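Have the structure open as you read.

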Amino acid sequence: MKHGMRLGDYLDLEWFLEKDRPSNPLDVLDRDRKIGLAAASDSVPEELHASYWLAHRRRADGAGLPSRSLRAILFALRLALGIGGILAGVALTRALLLYSGVEPVNVSVFLLLAVFPQITFILFATGLMVFRGLRATEAAIPLRPLFDLFWSRPGSLSPQAGFVRSLCLRRGWPARMLGWEGLRLAHLGGLCLAIGSLAGLVVSVAVTDLAFGWQSTLKVGAQGMHSLVWVLSLPWSWLPAQWGLTPSLAQIEGSRIVLKDGMEALASADLVAWWPFLCMCLLAYVLMPRLVLLGSAHWMLRRLERGFVHPDIS
C-alpha cells in the first residue's frame with residue numbers, strides 16, 4: 001500500500017489513537033468526520049486518508065510527539081556509531097601499520113586482523129538478515145542495549161519517550177520495525193568502520209614511507225602466497241594489470257621477510273607493491289558488502305512499512 005507512512009508516523013498514529021480512547025466517542029466521531037470531509041474536499045486518495053488524518057492531528061496537537069523522541073534517539077545512535085566506527089577503523093589500521101624502518105609491515109598480520117575478522121562479521125550479519133527476513137515471528141532487536149541506554153530509567157522519561165519504549169518492548173509491528181532499524185544502525189557502524197580502516201591505510205601510505213612484506217613460520221613458499229593473493233584478487237582481476245592492484249609472483253618473492261637477512265636484501269619496489277592490494281581487499285571484502293547490507297536493511301524496513309496496515313485504520 002502506497003500510504004507513505006513510516007515507523008515514526010505509526011508511532012504518532014498510535015499515540016493519538018491512545019489519547020482518543022478515554023475521550024467521548026461522539027466528539028471523536030465528529031472530529032474525524034470533519035477531517036474526512038476536508039480530505040474529500042482536497043481530493044485526497046483513499047490510501048492517503050490515514051496520512052491526511054495524522055497530519056491534521058499533528059497540526060492541532062503536535063506538541064511533543066513520539067516520532068520526535070525516536071528521531072532524537074536514532075540521531076544520537078547514528079552519530080555515535082558513525083564517528084566511533086570511523087575512529088575505530090583508523091585506530092585499527094594505524095596500529096597495524098606501525099613501521100620503525102627496521103622490519104616491514106607484515107601483510108599476513110594485516111589480513112588476519114583488519115580484513116578477515118570483518119569478513120566474518122559480515123557473513124554473520126548476512127545470516128542474521130536472512131534469518132530475520134524469513135522468520136514470521138518477532139526476533140530480538142539488534143543493538144537493544146544501546147536503545148536501553150536511553151530507556152534505562154523509565155520514570156525519568158517524557159510521556160512520549162515512555163510511550164515509544166512501552167510499544168517497542170512489546171511483540172508486534174513496533175518491535176519488528178525497530179528490529180530492522182537496529183540492523184540498519186549496526187550496518188552503518190560497520191560501514192563507518194570499513195571507511196575508517198580504508199582511509200587510515202590510504203592516508204598512512206600517502207603521508208609516511210611504508211614498506212610491506214610477508215612472513216610465516218609455516219612452510220608456505222612464494223608460490224603458495226601467490227595462490228592466496230590470486231584467490232583474494234578475483235573480484236578485481238578484470239581490471240588492467242598495469243594498475244598494479246595485485247602483486248606479481250616476483251614481487252611476492254622479493255618481499256618475503258627473512259629475519260636473519262634483514263631488510264637490506266629486499267627491493268623497495270617489491271616492498272611498496274602490497275598497499276594497493278590491501279586497499280582493494282578492504283574495498284571489495286569489507287566496505288562494499290557493508291554498503292550492500294546497509295542498503296538491504298533500509299529496503300527491508302521500507303518494505304515492511306509500506307506493507308503494514310494499522311489494525312485501527314484498515
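## What we're looking at

Keep in mind that this is a predicted model. Two packed helices are described by the angle between their axes and the distance between the axes, and that is how the helix pairs are treated here.

## Helices α2 and α3

Let's start with α2 (residues 25-41) and α3 (residues 49-60). Their axes come within 10 Å and cross at roughly 120°, and the crossing is right-handed. On the α2 side, the contact uses R31, D32, I35, A38 and A39, while α3 brings in H49, Y52, W53, H56 and R57. Sorted by class, the residues of this contact are five nonpolar, two polar and three charged.

## S43, in the loop between them

Follow the chain out of α2 towards α3 and you get to S43, in the loop between the two helices. Most residues other than glycine have a negative phi. S43 isn't a glycine, yet its phi is positive, at about 55°. Is this residue, S43, buried or exposed? S43 has a relative accessible area of 61%, so it counts as exposed, the cut-off being over 50%.

## Helices α1 and α4

Next up is the pair formed by α1 (residues 7-20) and α4 (residues 66-96). The axes of these two come within 7 Å and cross at roughly 145°. From α1, the residues making the contact are L7, G8, L11, D12 and W15, and from α4 they are P66, S67 and L70. By class that gives five nonpolar, two polar and one charged.

## The second largest pocket

Some of those names come back in the second largest pocket, which has a volume of about 250 Å³. Its lining has 15 residues, and L7, G8, L70, R71 and L74 lie nearest the centre. Two or more lining residues come from each of α1, α4, α8 (173-207) and α12 (275-307).

Which helix gives the largest share of the lining of this pocket? That's α4, with five residues.

One more stop in helix α4 is T93. T93 has 0% relative accessibility, so it counts as buried, the cut-off being under 20%. And what does T93 touch, leaving aside neighbours within four places in sequence? T93 is in contact with F110, G196, S197, G200 and L201.

Note on methods:
Residues are numbered from 1 along each chain as its sequence is written. This is a predicted model: local features need pLDDT of at least 70, side-chain atom pairs count only at pLDDT 80 or more; totals for chains, interfaces and linings use all residues. Side-chain values use heavy atoms; hydrogens and water are left out. Axes are lines fitted to C-alpha atoms, for helices over the stretch in contact, and angles run from 0 to 180 degrees between N-to-C directions. Helices (H or I, at least four residues) and strands (E, at least two) are DSSP runs, numbered from the N terminus. A crossing is left-handed if the near helix is turned anticlockwise from the far one by less than a right angle, and right-handed if clockwise. Contact means heavy atoms within 4.5 Å. Ala, Val, Leu, Ile, Met, Phe, Trp, Tyr, Cys and Pro count as nonpolar, Asp, Glu, Lys and Arg as charged, and the others, Gly among them, as polar. Buried means under 20% relative accessible area, exposed over 50%, partly exposed in between (1.4 Å probe, protein chains only). On a 1 Å grid over the protein atoms alone, a cavity is a set of points where a 1.4 Å probe fits but cannot get out, and a pocket is an open set with protein on both sides within 12 Å along at least five of seven lines; lining residues have an atom within 4 Å of a point. Grid points are joined across faces, edges and corners, and a volume is the space filled by probe spheres set on the points.
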